[in-house]
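Please read the points below with the structure open beside you. They are written in the order in which I would check them.

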Amino acid sequence: MELLGLRDGDPQHGDARHAALVQAVTDGDGEAASRVLQAVLDATPAQLLGR
């Protein structure tokens with residue numbers, strides 16, 4: 001993320017989603033983990049293209 005500059009405008013970029021994913025996995029909540037991961041995957045192309 002640092003190499004792509006994704007944290008330049010937001011130093012905590014992705015931290016909340018990562019924490020939510022870890023929590024869902026820790027809780028054994030596969031549905032929540034799936035939702036969080038899908039949201040990350042849906043947002044990634046736009047972030048990489050700077051939108």
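**Notes on a helix pair**

1. At 13% relative accessibility, Ala32 counts as buried, because the cut-off for buried is under 20%. This value, like the others here, comes from a predicted model. Ala32 is part of helix α2, which covers residues 30–48.

2. Ala32 and Ala20 are 12 residues apart along the chain, and their C-alpha atoms are separated by 8.5 Å. Both residues belong to the contact between the two helices, Ala20 on the α1 side and Ala32 on the α2 side.

3. Helix α1 takes in residues 15–27, 13 residues in total. Just after α1 comes Gly28, with a positive phi of about 75 degrees.

4. How do the two helices lie? Two packed helices are described by the angle between their axes and the distance between the axes. For α1 and α2, the axes come within 8 Å and cross at roughly 155 degrees. Angles over 145 degrees count as roughly antiparallel, so α1 and α2 are described that way. Their crossing is left-handed.

5. The contact uses Arg17, Leu21 and Val25 of α1, among others, and α2 residues including Val36, Val40 and Gln47. By type, the contact residues divide into 11 nonpolar, one polar and one charged.

Methods:
Residues numbered from 1 in each chain as written. Predicted model: local features only at pLDDT ≥ 70, side-chain atom pairs only at ≥ 80, totals over all residues. Heavy atoms only, no water. Helix = DSSP H or I, 4+ residues; strand = E, 2+ residues; numbered from the N terminus. Expected span 1.5 Å × (residues − 1). Axes fitted to C-alpha atoms, helices over the stretch in contact; angles between N-to-C directions. Parallel < 35°, antiparallel > 145°, perpendicular 65-115°, else oblique. Left-handed = near helix turned anticlockwise from the far one by under 90°. Contact = heavy atoms within 4.5 Å. Nonpolar A, V, L, I, M, F, W, Y, C, P; charged D, E, K, R; others polar. Buried < 20%, exposed > 50% of the residue type's maximum accessible area, 1.4 Å probe, protein only.
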